[in-house]
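Good morning, colleagues. Please have the sequence and the coordinates open as I speak.

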Amino acid sequence: MLGLTSSGPIQGRAESTVKCSISDAYHIIAHCFFDNYQKWCPQVVELEQLSPPPVQLGTKGRQVTRDRGIDSESLFDVTKFASNAELEITG
């Protein structure tokens with residue numbers, strides 16, 4: 001769901017069902033985020049981990065997205081990282 005309101009930023013959320021263990025899925029999505037995110041989000045043309053590995057609570061990153069030929073750079077932080085349960089990125 002994406003929404004734009006006059007009082008807040010654009011927000012997004014996605015859900016998907018996969019046939020593998022929770023720990024395998026969490027490893028691919030969270031622990032290997034910087035290796036895999038561009039595979040799921042083709043608008044991301046640059047992705048960089050600004051904090052030293054591994055991905056964990058407080059990790060900082062930078063991305064450049066391209067939409068209709070316009071590049072936009074943004075910085076983000078991992079704000080929730082609970083193994084096999086939660087990954088939240090804010091920015």
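Predicted model: local features only at pLDDT ≥ 70, side-chain atom pairs only at ≥ 80, totals over all residues.

Residues are numbered from 1 along each chain as its sequence is written, and side-chain values use heavy atoms, with hydrogens and water left out.

Let us take the whole chain. The protein chain has two helices and six strands, where helices (H or I, at least four residues) and strands (E, at least two) are DSSP runs numbered from the N terminus. Read from the N terminus, the order of elements is β-β-α-α-β-β-β-β. Along the principal axes, the C-alpha atoms fill a box of roughly 35 × 30 × 25 Å. The chain exposes about 6,900 Å², of which carbon and sulfur atoms supply 53%; accessible areas come from the Shrake-Rupley method with a 1.4 Å probe, and for residues only the protein chains shown count as cover. Of the 91 residues, 21% count as buried. Here buried means under 20% relative accessible area, exposed over 50%, and partly exposed in between, with a 1.4 Å probe and protein chains only.

Next, the strands. Strands pair if DSSP finds at least two bridges between them. β3 and β4 (residues 60-67) run antiparallel and are joined by five bridges; Glu 46 has Val 64 in β4 as its bridge partner. β4 and β5 also pair in the antiparallel sense, over eight bridges, and Gln 63 is partnered by Ser 74 in β5. The hairpin of β4 and β5 has two residues between the strands, and Arg 68 takes a positive phi near 55° there.

Which residues make up the largest nonpolar core? There are eight: Phe 33, Phe 34, Cys 41, Val 44, Leu 47, Val 55, Phe 76 and Val 78. The term denotes a set of buried Ala, Val, Leu, Ile, Met, Phe, Trp, Tyr and Cys residues joined through side-chain atoms within 4.5 Å. Two or more residues of this core come from each of α2 (33-40), β3 (44-49) and β5 (70-82). In soluble globular proteins, nonpolar side chains tend to be buried together. Val 78, leaving aside neighbours within four places in sequence, is in contact with Val 55, Gln 56, Leu 57, Gly 58, Thr 59, Leu 87, Glu 88 and Ile 89; contact means heavy atoms within 4.5 Å.

Is Tyr 26 buried or exposed? At 7% relative accessibility, Tyr 26 counts as buried. Tyr 26 is found in helix α1 (residues 22-31). Tyr 26 and Asn 84 are 58 residues apart in sequence, yet 5.4 Å apart in space, C-alpha to C-alpha. Beyond neighbours within four places, the contacts of Tyr 26 include Phe 81, Asn 84 and Leu 87.

Helix α2 holds Trp 40, which is partly exposed with a relative accessible area of 44%. Helix α2 also holds Lys 39, which is exposed at 64%. The C-alpha atoms of Lys 39 and Asp 24, 15 residues apart along the chain, are separated by 17 Å.

Thank you for your attention.
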